[in-house]
Amino acid sequence: MNMELSRRQFLRAGGAGIAGTTLGALGFGEAEVAHAAAIRPYKLAMTKEVRSSCPYCAVCCGMVVFSAKSEKTNKMEVTHIEGDSDHPVNRGTLCPKGAGALDYIRAKTRVKEPMYRKAGSDKFEPVSWDFAMDRIAKLMKEDRDANFIEKNKDGVTVNRWPTMAFLSGSSCTNETGWVTWKVTRGLGMPQVENQARI
Amino acid sequence: MFPPIPNPQAKPIEAKFGDKDLIKRSASNITPAAQRQTQVAKLIDVSKCIGCKACQVACLEWNNLTEEVGINTGVYENPHDLTPNSWTLMRYTEYENPESGNLEWLIRKDGCMHCEDPGCLKACPAPGAIVQYSNGIVDFVHENCIGCGYCIKGCPFNIPRVSKVDNKAYKCTLCSDRVAVGQGPACQKACPTQAIVFGTKDEMKQWADKRIKDLKSRGYNNAGLYDPPGVQGTHVMYVLHHADKPNLYSGLADNPRISPIVEFWKGFTKYAGLTAMVAVAGFGLLHHVVAGANRVTEHDEQEAKRLAEK
Amino acid sequence: MTNSWTDIKNADVVWIMGGNAAEAHPCGFKWVTEAKAERGAKLMVVDPRFTRSAAVSDHYSPIRSGTDIAFLSGVINYLLTNEKIQRDYVKNYTNISFLVKEGFGFEDGLFTGYNETTRSYDKASWQYEMGPDGFVVKDETLSHPRSVYQIMKKHFSVYTPEMVERISGAPKDKFLKVCEMAASCSTKDRTMTIMYALGWTQHSHGAQNIRCAAMIQLLLGNIGVPGGGINALRGHSNVQGITDIGTLTASLPGYLAMPVDGEPTLDSHLVKRQFKPIQANQTSYWQNYRKFYVSFLKSMYGEKATKENEFGYQWLPKLDVAYDVLRMFDLMHQGKTTGLLCQGFNPLMSVSHADKNRASLSKLKFLVSMDPIETDTARFWENHGEFNKADPAKIQTEVFMLPVTSFVEEEGSFTNSSRAVMWKWQAADPYAQSRKDIEILADLFIRIKKLYEKDGGKGIEPLMAVDWNYKDPHDPSADELAKELNGKALVDLTNAEGKVVRAAGQQLATFGEMRDDGSTNGVQWIYTGFYGPNGNLAQRRNNADPSGMSVYGLWGFSWPANRRILYNRASADPEGNPWSDAKKYVFWNGKTWGGADVPDFVPTNAPSNGSGPFIMNPEGVSRLFAAPMAEGPLPVHYEPFESPVANVLYPKIKGNPAARVFKGDMEVFGNAKDFPIVATTYRLVEHFHYWTKSVHANAVVQPEFFVELSEELAAEKGIKRGQMVRVWSNRGEVKGKAVVTKRLKPFKIDGKTVHQVGLPLNFGFIGETKKAAPINSLTPYVGDANAQTPEFKAFLVNIEPIAGPVA
């Protein structure tokens, strides 16, 4: 909004106003005449620019992400995304998924807070992070204690927890991947898979 | 590869053109800018287009447009037509080439052609609602739009759409806000295969020549540039494999020209001004101008003659 | 990808098959349109449908889904019989002259050593003949009947153009045009690139599809050279990196292996993998396996990993069996799994046989979804009518939906399909209450450890042994983790003369610095160098192309060792000279190897030593004949498990004889009588898997599930364009709009008309697109014999119109 105003002021200051012969006939005053400029204010003025990478396919197109502080949330929020012209592979281009990534960040189905569905319930209920993490940790420990195998029948140390499964996301960063590996295998899970097969 | 335009910057930039660069203004007499800016053009190379709709999404995103989620009607086009929010649309044609026996999937990005002689502007009765800059961009000024829809009738490509929400006409601006700061349009930036390139009109013609040579080497003997003279050329041009048959590409006009009714109307309003327009519209004489199809028909020709003789 | 996206520009012919790059990787596909526009390259596309890639191709051939091996074997036969092979390359860089042991044979579609009960092979007879010197026996004249060349000529001779047409439905003239275009790249100055994706992998014989392609490229001399290669166009943004890190049941980071029950000690594990060369003077790089393994263990267990405790080897879980995703869901279905954590994963949509999976999820005690957006899986218990039939009251699974940051709300590295590791920076604050995956996992790990500290329990020692030495244990930073991936010196590393080459605490510059005595760490050796002593090279953003060969060596870091084309030693002839000026890339300058790229070779290893370019193989050369494959050392045409016709060549064999089928799944394969129509699934360019149905703009441009079918099938069934149709298999059904198109045509298979329909996979019951049942309601539960990738690309269905208004 501020940007829009400053742009309009800029236009007015620049003496860009026009007064067509019949404009007055339609009841436009002088102020509106100045507003009649067709060209929209440049929407990236006063934003912050960061280099990112498209989250979708494995071309990993370079992205330039523009963000600004939201008055509503007091957080830096993304205002626009476009391809990074410097990137040797995508050269600034994006496909329809990448070009619409802003709508992913602000998707209606984004999860806002931890949600919990009780056994047999027909709905999700919001819960605190503490509740969710405590409950998950407890459920995992109970099962690990019940099913962890330290040695197999031949006496070989196997340290395996075969009843817990983890599907690892292939749109996570390498660094997340390493934490995932460490935590899942550290707990002894053999059932760890990612999207490579599917 | 056509050299990519450098990334936009996150700081205020002075617009490189504005109202001082107008050369035409609807229903107004203006003194065109003394010095014309270099003419720009967007070149759409249909032979490189994969129909991915990145242009459609980039257009929605950049222009803050929210389109409705529609339905599938058995075709790839979505939405099903241009709308006040969808200023560009991929159109698909399955063509069995009788000469080669091969199937061709002809995909064309539809949208405003930014005619050098814009029929919309000529038809528009609202002063300053449609303007043309000296670089060739034809833009709508919504504050001045009265939602009459005459621009649709005036357009030989059937492009503008009037919004039911605010009763204003909308179409592609060629991202005038981006071009003003030295960028290309959002659709061009996104286009994955560089089927859309943007630059000066001369550069685009040269680039098209190169593409046409490549197409001819692949057996498309009628490959050529679509820059129709009937509207004195356009600032959005196509490279077509079958430039002899533009109509193959989802009905792209073979010989677009402004409806004779509009030509008549233009002459009429020029003298009579706005009050006459209101009067004529009141009599409903030109109702079919907005209600009817926009192709130039025999009926239109006769109607124009009748009006002129009146 | 052996090569890079930008290298496609150097290709003279681009062959897309088993994929649809224009649709699935549009911005990578630009390098195809570049090669066409700037180089005059020709593009050919082989696909059951006339795709978006085909729309800009020079040649298109149809093919019935699931018959790629017949088609590709036909191309191999064409190249062999017409002598369209790059002979110098093939003789020197492949095992074509190797002799196979006496006793090897192939009859009635089966190789020697088959066990019908276990559906597996004893591969003893598939091995090379070894000489008394411990090296393989070769026949340089290629005339020995047991030479790989002669075996191949005989094996592929059945795949004549006529046979290819009978099996695959590809018209002979269209097939031969493909052969000719490929053969045009058997010269030393021309190269072809092959681009594929899940259209080749998602078959019960997927790995052999790709083997065929690799064999074609080797015969043409197109591996390791610019504009060539086998290019797997991978799906998710970081599926390459996540595969590298090895969150796969049998993987350790960097393509090392998980221990199995049969490897009770570290040595017993290592000894199987440190392959000795089987030809003189070969590199056989896996001899260094021990260094990489020990360095990994030092990263995993830190100071607790010592020589005395086998560097913590015993703390790693050992596998009794591989728990691939199909087995995972089968065990869940048997009620043997308690909990499932899904991190950015929507298995109800993405795993075959959705009804089975919904039942499997219902048997869990708890399910956790960590995702920025709601997934269909997280709501599997919710009733969405025909799109997701469920009775919440009967489902006792506790479900958690944890909000996770999106890609712009955290920093870190992604590895693209061509192995380039690139950094992204954080652009926005976390949305609402969302947290990073790293924070959530760290929190969970710490909470569980605390519970054990407090209450005790099973398996405490391996759990507590895990090194967790981060500045903020609750939020390890991307920078710290990236450094760990690379590895560092733990003590001063000295060379043979005693000089310190890497001081204690310094990051390692290359994996060549890794040691097997516990003096180095490093999570995954292949990434070593990406965060070396000179900092985080994934952050490099210099887009210069100094050689003009489309090599961007200063942008990010391409593993291994910043190499952009793998096996690039093969771009030069045995003497070390470029095969041609047109494809000059890596060559011997008299003293060292150099050129446009980092040589994939010991830089000082002179050509006169005769070391082969395929340094990861103990042979030193590549394998046209490959004994490690599950279903045979050479590809064979096997029909998909659901096929409209019997195998024309081997009528008795149903499906891939070595593919694993679980109890209950074999019984629900459909037959050709009830389900006469071939179906295949694929993604649309407007959508990414199951995410973008939640993304408004993408829902706008592709709003609703549809079924693609030919005009002929539509006429036969009375289906009109835009009408709702029902498609059903022996496992489930879906309903969608009919897209009647000329881009699909009926096939003539062995004289019989066979129809195929196309089913886009991107729709579901959560999001902004119109609700649809998961496409995997239809797909069969069987995977590739080697990789267990489900057979999504070829199965049987039937179709009928649904009465009602046409859209």
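Here is a friendly chat about a predicted model with chains A, B and C.

Reader: Hi! Before I dig in, what kind of model is this?

Author: Hello! This is a predicted model.

Reader: Thanks. Starting with chain C, how many helices and strands are there?

Author: Chain C has 21 helices and 31 strands. Its radius of gyration is 27 Å, close to the 28 Å that the globule rule gives for 807 residues, so chain C is as compact as a globular protein of that length.

Reader: And what box do its C-alpha atoms fill?

Author: Along the principal axes, the C-alpha atoms of chain C fill a box of roughly 85 × 70 × 55 Å. Of the 807 residues in chain C, 64% are buried. If you take contacts in chain C between residues at least 6 apart in sequence, 72% join residues at least 24 apart.

Reader: Nice. Which domains is chain C divided into?

Author: Domain 1 covers 437–474 and domain 2 covers 666–801. The centres of these domains of chain C, taken over C-alpha atoms, are separated by 45 Å.

Reader: Let's switch to the contact between chains C and A. How many residues does each one put in?

Author: Chain C puts in 136 residues and chain A puts in 102. On the side of chain C that touches chain A, the largest share comes from helix H17 (residues 437–455) of chain C, with 10 residues. By class, that side of chain C has 75 nonpolar, 40 polar and 21 charged residues.

Reader: I also spotted a sheet with strands from both chains. What's the strand order?

Author: The order is S5(A)-S4(A)-S14(C)-S13(C)-S12(C)-S8(A)-S9(A), which makes an open sheet of 7 strands with mixed pairing. Strand S5 (125–126) and strand S9 (191–194) of chain A each have a single partner strand, so they stand at the edges with one side left without a neighbour in the sheet.

Reader: Zooming in on S8(A) and S12(C), do they run parallel or antiparallel?

Author: They run parallel: strand S8 (residues 164–168) of chain A is joined to strand S12 (residues 339–343) of chain C by 4 bridges. Met164(A) has Gly339(C) as its bridge partner in S12(C), and Phe166(A) stands opposite Leu341(C).

Reader: Great, now chain B. How many of its residues are in contact with chain A?

Author: 44 residues of chain B are in contact with 38 residues of chain A. H1(B) gives the most to the side of chain B that touches chain A, with 5 residues. That side of chain B has 25 nonpolar, 9 polar and 10 charged residues.

Reader: What about the secondary structure of chain B as a whole?

Author: Chain B comes to 9 helices and 11 strands. Of its 310 residues, 53% count as buried.

Reader: Buried or exposed?

Author: Gly100(A) counts as buried because it has 31 C-beta neighbours inside 10 Å, where the cut-off for buried is 20 or more.

Reader: And which residues is Gly100(A) in contact with, leaving aside its neighbours within four places in sequence?

Author: Those contacts are with Val57(B) and Glu61(B), plus Val695(C), Ala697(C) and Asn698(C). As for Arg40(A), Gly100(A) is 60 residues away in sequence and 21 Å away in space, C-alpha to C-alpha.

Technical notes
Residues are numbered from 1 along each chain as its sequence is written. Chains are lettered from A and ligands numbered from 1 in the order in which they are written. This is a predicted model: local features need pLDDT of at least 70, side-chain atom pairs count only at pLDDT 80 or more; totals for chains, interfaces and linings use all residues. Two strands pair if DSSP finds at least two bridges between them. Helices (H or I, at least four residues) and strands (E, at least two) are DSSP runs, numbered from the N terminus. Domain bounds come from an automatic or database domain assignment. Two residues are in contact if their C-beta atoms, placed from the backbone, lie within 7 Å. Ala, Val, Leu, Ile, Met, Phe, Trp, Tyr, Cys and Pro count as nonpolar, Asp, Glu, Lys and Arg as charged, and the others, Gly among them, as polar. A residue is buried if 20 or more other C-beta atoms lie within 10 Å of its own, exposed if 12 or fewer, and partly exposed in between; C-beta atoms are placed from the backbone. The radius of gyration is taken over C-alpha atoms; the globule rule is 2.2 Å times the number of residues to the power 0.38.
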